[in-house]
Amino acid sequence: MDTLFKSKDYLPHLSVDCVIFGFHGHKLKVVLPKLKKVPLCSLPGGYVRAQESVNKAAQRILRERTGLENIYLEQFCVFGESDRADPQVLRDFLVSNNISIAADSWLMQRFISIGYYALVDFSQVTTAVGAFDESCEWYDVQQLPDLAFDHADIILKALETLRLMLDHKLVVFNLLPDTFTMKELQTLYETILDKPLRRDNFQRKMLSTGILQRVEKKFTGAANKAPYLYRFWTMP
């Protein structure tokens, strides 16, 4: 792996981890690659090349680990605890995959990670498997598999950020199709916030923002009872 990741080609001690949220089946999900021959999943993460920006690195790493492209990523936190990465996890991965590195390799040193998060329309996403992974799948954020390093903490922080920014930046539009019902929008909010919301209060609040455009009624076979469809007027 030393030949694949030469120290002169990368910024030492700096990495990127991406948390990609999707919404499906009334559940908030996250994309997680499964590491080859190791019983752990990880966030789509990797190292920053010497001649690229961290934003470009995040896009490249996400493409290489998941196949996802042209996704708006936003930085949300820097993770720099001195014990955040367990070198044994990397050693196990290397040994299991017959990869040799020098004992003093830069890969075994401490890393500070820049966290990015993104929201995508689950129905529009097709994932691919990276070179060092066995699979790349969606997992319910409430039922995460065993994760490498501090990636569970990173997901939790990303979820906290999503909840804080829910109203301020109206970030949820990326999790929904182009048109949706008020009930679908409320279900999404309740899933993210992990609590029920009063229907009348929620509808009054959303309509008062001025960001929703009523399009038409959703065909259900009962025109008088069919709910209205909405779309967002503006995109952040």
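Which residue of S9 does Thr 181 stand opposite? Thr 181 faces Leu 229 in S9, and this briefing walks you through that sheet and the rest of the fold. This is a predicted model, in which local features need pLDDT of at least 70 and side-chain atom pairs count only at pLDDT 80 or more, while totals for chains, interfaces and linings use all residues. Residues are numbered from 1 along each chain as its sequence is written, and side-chain values use heavy atoms, with hydrogens and water left out.

**Overall layout**

- The protein has five helices and nine strands; helices (H or I, at least four residues) and strands (E, at least two) are DSSP runs, numbered from the N terminus.
- Starting at the N terminus, the elements follow the order β-β-β-α-β-α-β-β-α-β-α-α-β-β.
- Along the principal axes, the C-alpha atoms fill a box of roughly 70 × 30 × 30 Å.
- Of the 236 residues in the protein, 46% are buried; buried means under 20% relative accessible area, exposed over 50%, and partly exposed in between, with a 1.4 Å probe and protein chains only.

**Strand pairing**

- Two strands pair if DSSP finds at least two bridges between them.
- Two bridges hold S7 and S9 in their antiparallel pairing.
- Elsewhere, S1 and S5 run parallel and are joined by eight bridges, with Cys 18 opposite Tyr 116 in S5.
- S5 also pairs with S4, in the antiparallel sense and over five bridges; here Phe 79 stands opposite Ser 113 in S5.
- S5 is mostly covered, as seven of its eight residues are buried.

**Nonpolar cores**

- A nonpolar core is a set of buried Ala, Val, Leu, Ile, Met, Phe, Trp, Tyr and Cys residues joined through side-chain atoms within 4.5 Å.
- The largest nonpolar core has 37 residues, and Val 19, Phe 21, Leu 185, Leu 212 and Phe 232 touch the most other members.
- Elements that each supply at least two residues of this core include strand S1 (10–24), strand S5 (112–119), helix H3 (151–165) and strand S9 (228–232).
- Another core, of 21 residues, lies apart from it and has Leu 14, Cys 18, Ala 58 and Val 125 among its members.

**The largest pocket**

- A pocket is found on a 1 Å grid over the protein atoms alone, as an open set of points where a 1.4 Å probe fits, with protein on both sides within 12 Å along at least five of seven lines; lining residues have an atom within 4 Å of a point.
- The largest pocket holds about 850 Å³ of space; grid points are joined across faces, edges and corners, and a volume is the space filled by probe spheres set on the points.
- Its lining has 39 residues, and Gly 45, Gly 46, Tyr 47, Arg 65 and Phe 149 lie nearest the centre.
- S1, strand S3 (45–49), helix H1 (54–66) and helix H2 (87–96) are the elements that give two or more residues to this lining.
- By class, the lining has 20 nonpolar, eight polar and 11 charged residues; Ala, Val, Leu, Ile, Met, Phe, Trp, Tyr, Cys and Pro count as nonpolar, Asp, Glu, Lys and Arg as charged, and the others, Gly among them, as polar.

**Aromatic pairs**

- There are 11 aromatic pairs in the structure; rings of Phe, Tyr and Trp (its six-membered ring) pair if their centres lie within 6.5 Å, and planes under 30 degrees apart count as stacked, over 60 as edge-to-face and the rest as tilted.
- Tyr 10 and Tyr 47 form an edge-to-face pair, because their ring centres are 6.3 Å apart and their planes are at 80°.
- This pair links strand S1 with strand S3, across 37 residues of the chain.
- Tyr 47 also forms a tilted pair with Phe 111, at 5.3 Å centre to centre and 40° between the planes.
- Tyr 10, Tyr 47, Trp 106 and Phe 111 form one aromatic cluster.
- Tyr 10 is buried at 10% relative accessible area, Tyr 47 is buried at 17%, and Phe 111 is buried at 7%.

**Positive phi values**

- Asn 98 has a positive phi, near 55°, and lies in the loop between H2 and S5.
- Asp 194 has a positive phi, near 60°, and lies in the loop between H4 and H5.
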